[in-house]
Amino acid sequence: MRRHLLGVAALTVAVVLAIAALGELITRVSGEGGERPAAAVVAGVATPEAGEAIFWGKGKCSTCHAVGGRGGAVRGPDQGATGPLGQPIGLRAEARARERSRATGRPWTAADYLVESLLDPGAYVVAGYKNEMPNPLRPPIRLAPDEVRAAIVYLQSLGGTPDPAAIALPPGLAAQAQAAAAEEWRAYVAGDAKKGERLFFDADGSAGCGRCHRVGARGGDVGPELTHIAGTRDARFIVESILEPSKVIASGYETVLIVTKDERHVTGIVRRESAAAVEVADSQGRIQRVATRDVRRRAPQAISTMPGNFGEILTVEEFHDVLAYVLALR
Amino acid sequence: MRPPARRQPRRGRCWGGAGLLALAVVLAAGAAAADAPPATGAEYRTFYGASARLAVWVVAEIHLMLGAFVLGVPIVASILEIVGWRTGEARWDRLARELTGLLAAAFSTTAAFGGLLVFTLIGLYPRFMAFLTSVFHETYYAYALLFLAEGFTLYLYHYGWDRMRGRWKGLHVALGVLLNLWGTALMLIANAWVSWMMAPTGVERDTLRVVGTTWQAVANPLWIPLAIHRVLANVAFAGFVVGAYAAVGFLCARREAARAHYDWMGYVGNFVGLAALIPLPFAGYYLGREIYSASAVMGNNMMGGAFSWAFILQAVLIGILFVGGNYYLWIGMGRIGGAERYQPWIKYVNLVLLVSFAVWLTPRNIPLTGEEQASLGGQFHPLLKYFGLMAAKNAAVSFIILSTFFSFLLYRRGNKGRRRPFAEQGRASGLALGAGALVALAIPLWYARALLMLDPASLDLAAAQAGYFRLPAYLLLGQAALVPVSLVLTLRDRGPLAQGLVFAWTTLAAVFVLGVYGFVVMEKANPFLRHLAVAQWLMVLGCLLWNTLLDVLVFRGAAVAGAIRWGRMPARAQYTLVLLCVTIVMLMGLMGFIRSGLREDWHVYGVLQDTSPWAWTPTTAYMTRVVGAIVLGFLGLVGLVFWLAAPRAADDDGEAPA
């Protein structure tokens, strides 16, 4: 019996050790864990070496694209000489740019084509491949504009001449990346703007935005007017303003706390002020008048008068309905 | 006379007490989690100065392995009990009871590790836990209550076994079913957390504010695929662990009856393990597909990036399971009178298995030096490069599954003699055959129609490339056409011929034709490859289901050609069972690493970044060292628990199973 128990224990340890040894072998053979080139992307200075590090590292390009004999991925076109047209991407980009010129009727450079391929990969997909390349600006990859530039320089260097000066990234790329990230929620639930309008102006409803905000001729004037809000603010800002109203308070709508001599606390937005009295609008749109002689202390507050619990009191659908309405206010 | 339960009650009280203590730990942990600190202050802490990630990894993995056992065993025990109840054979009931005894002991240990895991996470990853709690706090209470329900149901099920006999047996069976319902619900809740971490829904990414409901977070795209994969894996895990328990019991048994008992138990364990292992690749493929759909970046990283080598290791481990399981079956034929007729087939099955595994294991790309490349004539070997591609691997896996199934059919037929004419089998058999035929027809017809109606534009393919969809559709139609043919043959008592035809067609179509055609599709219409793989899987699945039914019906009531001599197994068969157990535990650890590691440096993928010093992806070497240590720890713990809990029933009261 003891012999068998020892045998079972020995077999168990031997199997585990054998598998661990196989793991060691795999790591040695595959080269994983070895030194990887650092992504030395200095702001404004893009080099092929930095781009190579991004291609084979942070950018995860190599999980879909091989470069000739390097890498084994087949999901995306090979960027080496064994790729489409039998040319490496640095050369091939010129032919593709000519095709783009013919298709769009405007001049395209090879660099323009590469920029489009990275930032709008679905625009002109290589025949035989699926439109499934993710936007590298978005999570989980999240490349910075300088890293995108470096990756393009690396692609240019594959059979062509690196030319960072020719790369014209769209203006405001960083802001675009942020906006792209903020868009993530939008596809989640499609809001109904008509329902949203009803919720907005229903004074007794859970949203009741119209009690304080005016749209055109309707609504109150305690908070900022929203008639053209979607034309001046992006979606991300609007979402944040609804869910976290204290994060950015519109100028002129700061909250104040007034403590009267009889220990009454009045909080809200100052609507009118004279030598005799100050009128304060509270979170429900009600106006309270405090005589100047009764004020003991007056202090600005970092918290917005607008309720900060819309995340809890609105259902997901209601939130998106209201949002759809507000986003239509241009 | 009822067997004396002389030691059981004392042990029962002991385990009952431990279980209640463990329940208290879990409830306290749940309360602590619900009261987790806000997302301010420390983001990470060390584990007494050591890596927090390592500490969580070890505790979580052991908890997961114990969880797999306590969720998988009740499924097996419940089925065995129902079989015993309906057939009136007491041996099934005894086995189910013995397994439940192991379960009661393991349950409290699982709970204790669950509590430890929650405490570790709250202590070491407070920011992440606060975030997770903000999303899932409503599910925590349900989890704790379900745990309580499962604990009480388990103890009622285990300790009520003797009281609920005779007319109360149905109630006891219902308790077993209820136990599985609680267990599955528990697993679904825990799965929701981890699958949401991989595919988060309903989060405003910049503010980390959850704009979705709890239910929407729970019902994320990976929730169900992961649950299906886990249920099957848990059953396979439980089967092989029980097999090893039986093997040790066999090796240590002093009496023939005990050896026979443990031999039979080992056979059942191996059968359960293999039966659950066969559909696992289908579930894995479904899960992988959904991971890819949820995030192409994660999907590519899994199969073509940092984790592709871990899948080579996975192939080795699955290879050991299939070859080992088959080897055990083949040795087992030695104890079946009449099985020697089928022995010559084994070498061919073995050859198919080994060749298929060689293909499955071939990596696509190996880093080579300039010299090596020059001698090879390029980066890839001129022939072997094809084996590294998905098309070859899909064909190889299909062949492995078909071969193992064939091997099992040979085992089943071992002692079967002359068959009973189908006409004598009664109406129930006819109805079962008809219903099975409808299912076997529906599967290929449904997918053939889907392929023929598939819009090439949906795959970013040109209209002319729709031509590539036709061949797999026609092959599916061919398989559908074989169903009525095999049905008629079976009715005319030519069942084995019908089975052979279905087997031959499936192997030819799914393995060879579609295997080669896969390369054409990769070259000409790459995006269609995933649909081609589904066609292969469905053909194999259809073959398995239809052939199983045919086998059961064709050999129902057949004459017995020889007796099964339980207990007549060599020691090497028992060591094989131990090997299978160690391998599946290691595989479970590896898959846990892959699932968790796919998130890379994200706690919640794309939403909450892991900024701790441990947010790096380990190498395969590091992973196997850690997982290896966990496996040894887990097996040592389980060995101890089983030793404490084992009633030594087979030695004391055991009897031969048949």
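Helix α9 of chain B, residues 280-294, has 15 residues and reaches 21 Å from its first C-alpha to its last, close to the 21 Å expected at 1.5 Å a residue, where the expected span is 1.5 Å times one less than the number of residues. Helices (H or I, at least four residues) and strands (E, at least two) are DSSP runs numbered from the N terminus. This is a predicted model, in which local features need pLDDT of at least 70 and side-chain atom pairs count only at pLDDT 80 or more, while totals for chains, interfaces and linings use all residues. Residues are numbered from 1 along each chain as its sequence is written, and chains are lettered from A and ligands numbered from 1 in the order in which they are written.

- Phe282(B), Leu287(B), Glu290(B), Ile291(B) and Ala294(B) of α9(B) are buried, that is, 20 or more other C-beta atoms, placed from the backbone, lie within 10 Å of their own.
- The cover over the buried residues of α9(B) includes α7 (223-252), α10 (296-304) and α19 (529-554) of chain B.

**Domains of chain B**
- The domain assignment of chain B gives domain 1 (11-294 + 568-652) and domain 2 (337-365 + 383-554), with bounds that come from an automatic or database assignment.
- The centres of domain 1 and domain 2 of chain B, taken over C-alpha atoms, are separated by 32 Å.
- Six residues of domain 1 of chain B are in contact with ten residues of domain 2 of chain B, contact meaning that the C-beta atoms, placed from the backbone, lie within 7 Å.
- On the side of domain 1 of chain B that touches domain 2 of chain B, the largest share, four residues, comes from α9(B).

**Strand pairing in chain A**
- Strand β3 (residues 255-260) of chain A pairs in the antiparallel sense with strand β4 (residues 265-273) of chain A over five bridges, pairing requiring that DSSP finds at least two bridges.
- Val259(A) stands opposite His265(A) in β4(A), and in the hairpin of β3(A) and β4(A), which has four residues between the strands, Glu263(A) takes a positive phi near 65 degrees.
- β3(A) also pairs in the antiparallel sense with strand β7 (residues 295-301) of chain A, over six bridges, and Leu257(A) stands opposite Ala299(A) in β7(A).

**Contact between the chains**
- The contact takes 54 residues from chain A and 55 residues from chain B.
- On the side of chain A that touches chain B, α1(A) gives the most, with 18 residues.

Conventions. A residue is buried if 20 or more other C-beta atoms lie within 10 Å of its own, exposed if 12 or fewer, and partly exposed in between; C-beta atoms are placed from the backbone. Two residues are in contact if their C-beta atoms, placed from the backbone, lie within 7 Å.
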